[in-house]
Amino acid sequence: MAKRVAVIGAGSSGLTAIKCCLDEGLEPTCFERTEDIGGLWRFKEVPEEGRASIYESVIINTSKEMMCFSDYPIPEDYPNYMHNSKIMDYFRMYAEHFHLLKYIRFKTNVCSCKQRPDFATTGQWEVITETEGIKKSEIFDAILVCSGHHTFPNMPLDSFPGIEKFKGQYFHSRDYKNPEVFRGMRIIVIGIGNSGGDLAVELSRTASQVYLSTRRGSWIIHRVSDNGYPVDVVFISRFKRSIFGLLPTSIVNQMTENALNKRFNHSNYGLLPKHRSLLMLLAHV
């Protein structure tokens, strides 16, 4: 008898988890609290409680060659860096191709996962779910948690003394959807990560003034590298890894920093960080 596996979440990880379970002869049951697959990448005009949320213009910062599932390439006519709607189309094609939807229970919330009293010998779990107000208890041999980590926004308001007296709007990028409602406003975007950069650029087209605030410098990586190739395709290769492994770290840092500064000199914009580029580059790719 095949072992039963509970998969929590039907986003990018949940779909592949179902597929892997089937490949291994296991019996997966996926619980998705919403009415559809996609998780983070399913855009909604209004943020939903308990689900990650994206803005309308989000484009993936990983090329399609690097982000596609190994057993189902992204169509050739799709752009190198896909809009969130294209990513959702790809997920639907993947789910339909491998017949994954029949293993997903939509609008089902996982209330608890507890080890059974005989867990030491059986390794089994009791999973309690709720669908349309009806709770159900089931036994599973394993649990795969695929619920993501972007659900709850980080709003450290205690880091901004006097924020309670601020008369304007303040909110997390999770609640941002499009720039039109900010037309003519003065805006400060706090944070120079991917979302901060995206929003500052997009808002600059409608706002009267946009400031991008960062507490420290950062190496800015462009999506497109030399000769128009995606940057991750250029940097992630056996050849590049072997070369980097042979050279001293200081030399590799200098090479990557020279390349990044050719796009724009970080010092000229007050963005030169104290950390070297290699750590950041490896984390990015």
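In this predicted model, the buried residues of helix α3 are Asn-84, Ile-87, Met-88, Tyr-90, Phe-91, Tyr-94 and Ala-95. Viewed down the axis of α3, these buried residues fall within an arc of 160°, so they line one face of the helix. The cover over them includes two other helices, α1 (12-23) and α2 (64-67).

The helix itself spans residues 84-97, 14 residues in total. From its first C-alpha to its last, α3 reaches 20 Å, close to the 20 Å expected at 1.5 Å a residue. After α3 comes His-99, a residue worth a glance in the viewer: its phi is positive, near 55°.

Attention now turns to the strands. Three of them form an open sheet in the order β4-β5-β6, and their pairing is antiparallel. Each of the edge positions, held by β4 (108-115) and β6 (134-140), has a single partner strand, so one side of each of these two strands is left without a neighbour in the sheet. On average, neighbouring strands of this sheet are turned by 20° against each other, direction ignored.

Strands of a sheet pair through backbone hydrogen bonds, in either a parallel or an antiparallel manner. For β5 (residues 125-131) and β6, the pairing runs in the antiparallel sense over seven bridges.

Note on methods
Residues are numbered from 1 along each chain as its sequence is written. This is a predicted model: local features need pLDDT of at least 70, side-chain atom pairs count only at pLDDT 80 or more; totals for chains, interfaces and linings use all residues. Side-chain values use heavy atoms; hydrogens and water are left out. Helices (H or I, at least four residues) and strands (E, at least two) are DSSP runs, numbered from the N terminus. The expected span of a helix is 1.5 Å times one less than its number of residues. Buried means under 20% relative accessible area, exposed over 50%, partly exposed in between (1.4 Å probe, protein chains only). The arc is that of the directions from the helix axis to the C-beta atoms. Contact means heavy atoms within 4.5 Å. Two strands pair if DSSP finds at least two bridges between them. Axes are lines fitted to C-alpha atoms, for helices over the stretch in contact, and angles run from 0 to 180 degrees between N-to-C directions.
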